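These are my notebook entries on one protein chain. I set down below what I looked up, entry by entry.

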Amino acid sequence: MSRSSHTTRTSVRIAAATVGAVLLASGCNAAADKGDSEGDKGAKAFTLVTPDPVAQNEFLKLSVSGVKSAAKAQGAGTPKVFQSSDTSSRQQNVQSAVDSAPDVIALVGFEFADIAAQQAEAHPEQQFLLVDACTKKTYKNVTCAVFREHEAVYLAGAEAGLLTKSNKVGAVDALDTPQFRRYSEPFAAGAKKVRPKATSRTLFVGGQSPFNDAARAKDQAATLGSGGADQVMAATAGGNTGVFQAAKSQGFKAYGVDANQCIGSSGVVVDNVLKKTDVAVEKGIAQILKGKGGTTVSYGLKEGGMSLTGLEPGLAESTCLIADHKDVLKRVESLRDDIVAGKLKVNDPAA
């Protein structure tokens with residue numbers, strides 16, 4: 001969501017360890033810290049800028065893991081990570097990154113689309129990697145990595161359709177936009193594919209902190225549960241903990257995003273829609289360094305950029321409820337194969 005050649009559990013462990021190890025800066029502090037972690041002179045240098053604090057945001061944790069892996073793979077110095085908190089700090093952090101002129105500046109999130117365009121025009125020699133978004137205009141120095149989230153969300157919806165007892169499923173999205181409806185409309189479509197009588201409802205967090213408002217996310221999820229939904233997609237980034245709390249108290253089941261969220265909510269989370277930001281960051285940087293930048297790469301089921309925990313190695317240790325439903329996974333694997341082969345097309349709400 002908005003926010004590996006590794007399994008997701010491995011990615012999460014690496015991310016948790018590296019967030020503290022990588023230089024983390026925020027707002028005005030970003031400029032003051034530049035130059036502190038460049039490593040050996042002549043080594044490659046990478047900078048990552050996040051739209052929000054990393055904190056409990058699994059999507060952003062994976063991006064930190066990705067830039068760390070890229071630095072190791074490319075023999076670069078320790079990468080810088082600038083954490084933003086609002087529009088002003090995002091602009092300031094990107095400017096600080098540009099001022100230090102690293103080989104690649106990775107910007108994670110749709111919030112950076114306009115900023116990337118402005119900086120790309122002003123600094124044509126600076127290479128940018130924009131993850132989970134793209135500029136409206138094409139620039140030779142802007143490489144975009146986007147995801148086809150709707151493909152994996154459809155599979156999670158199929159799981160929900162096969163597991164629902166009430167024939168009612170739902171979703172809590174961070175925002176009511178086409179991009180975030182990729183986490184609700186395909187979920188409903190997947191459920192209806194396998195359970196024609198299934199109905200769905202979507203509620204949104206919104207407000208000033210749509211990606212970190214666990215209380216609001218909990219309230220919206222509770223509303224869905226009270227309405228009879230027994231399978232709920234949680235797509236609120238840091239607010240997902242609130243959805244899981246509502247699920248535990250009301251007895252419905254939930255689906256996480258970005259990383260394996262079953263671990264912290266055992267008995268509640270069925271499966272997770274994995275959005276492998278670490279893959280996009282590491283591969284995007286490698287692509288730029290090979291002189292193949294200025295393009296857009298789309299990551300879906302076929303490319304391994306999107307998946308479900310239930311379809312990845314290590315399922316037995318994941319604590320996800322889907323591990324107890326081998327028959328459901330068999331049906332979902334068949335749907336995945338059809339999507340990868342082009343036999344099944346999932347409608348993209350953001351197209």
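Is Ala101 buried or exposed? I found Ala101 exposed, with a relative accessible area of 52%.

Basis of the entries. I worked from a predicted model, in which local features need pLDDT of at least 70 and side-chain atom pairs count only at pLDDT 80 or more, while totals for chains, interfaces and linings use all residues. Residues are numbered from 1 along each chain as its sequence is written, and side-chain values use heavy atoms, with hydrogens and water left out.

I placed Ala101 in the loop between H4 and S4; helices (H or I, at least four residues) and strands (E, at least two) are DSSP runs, numbered from the N terminus. The phi of Ala101 is positive, about 50°, although Ala101 is not a glycine. I noted the background: most residues other than glycine have a negative phi.

Pro102 is in this loop as well, between helix H4 (87-99) and strand S4 (104-108). Pro102 is buried, with a relative accessible area of 8%. I then listed its contacts, a contact being heavy atoms within 4.5 Å. Setting aside residues up to four places away in sequence, Pro102 touches Ala45, Phe46, Thr47, Ala97 and Gln126. Between Pro102 and Gln126 I recorded 24 residues of separation in sequence and 7.8 Å in space, C-alpha to C-alpha.

I checked the length of H4: its 13 residues reach 18 Å from first C-alpha to last, close to the 18 Å expected at 1.5 Å a residue. The expected span is 1.5 Å times one less than the number of residues. The buried residues of H4 are Ser89, Arg90, Asn93, Val94, Ser96, Ala97 and Val98. In helix H5 (residues 113-122), I found Ala113, Ile115, Ala116, Ala117, Gln119 and Ala120 buried. The buried residues of H5 pack against H4, S4, strand S5 (127-131) and strand S6 (142-147).

Entry on a further positive phi. I located Asn167 in the loop between H6 and strand S7 (168-173). The phi of Asn167 is near 65°, a positive value in a residue other than glycine. Asn167 counts as partly exposed, at 24% relative accessibility.

Entry on the cores. I defined a nonpolar core as a set of buried Ala, Val, Leu, Ile, Met, Phe, Trp, Tyr and Cys residues joined through side-chain atoms within 4.5 Å. The largest nonpolar core has 79 residues, and Leu155, Val243 and Val273 have the most contacts inside it. Helix H6 (residues 149-163) gives the most to this core, with eight residues. A second, separate core of 18 residues includes Phe82, Val94, Phe112 and Val142. I also looked up the surroundings of Val243: beyond neighbours within four places in sequence, its contacts include Val172, Ala217, Lys218, Phe252 and Ala254.

Entry on the largest pocket. I took a pocket to be, on a 1 Å grid over the protein atoms alone, an open set of points where a 1.4 Å probe fits, with protein on both sides within 12 Å along at least five of seven lines; lining residues have an atom within 4 Å of a point. The volume of the largest pocket is about 270 Å³, a volume being the space filled by probe spheres set on the points, which are joined across faces, edges and corners. I counted 14 lining residues, of which Gln56, Glu58, Thr241, Gln261 and Gly264 lie nearest the centre. Helix H3 (58-74) and helix H9 (240-250) each supply at least two residues of the lining, and H9 gives the most, with three. The lining divides into four nonpolar, eight polar and two charged residues. Here Ala, Val, Leu, Ile, Met, Phe, Trp, Tyr, Cys and Pro count as nonpolar, Asp, Glu, Lys and Arg as charged, and the others, Gly among them, as polar.

Entry on Ser65. I found Ser65 in helix H3, buried at a relative accessible area of 0%. Ser65 and Glu282 are 217 residues apart in sequence and 8.8 Å apart in space, C-alpha to C-alpha.

How values were computed:
Buried < 20%, exposed > 50% of the residue type's maximum accessible area, 1.4 Å probe, protein only.
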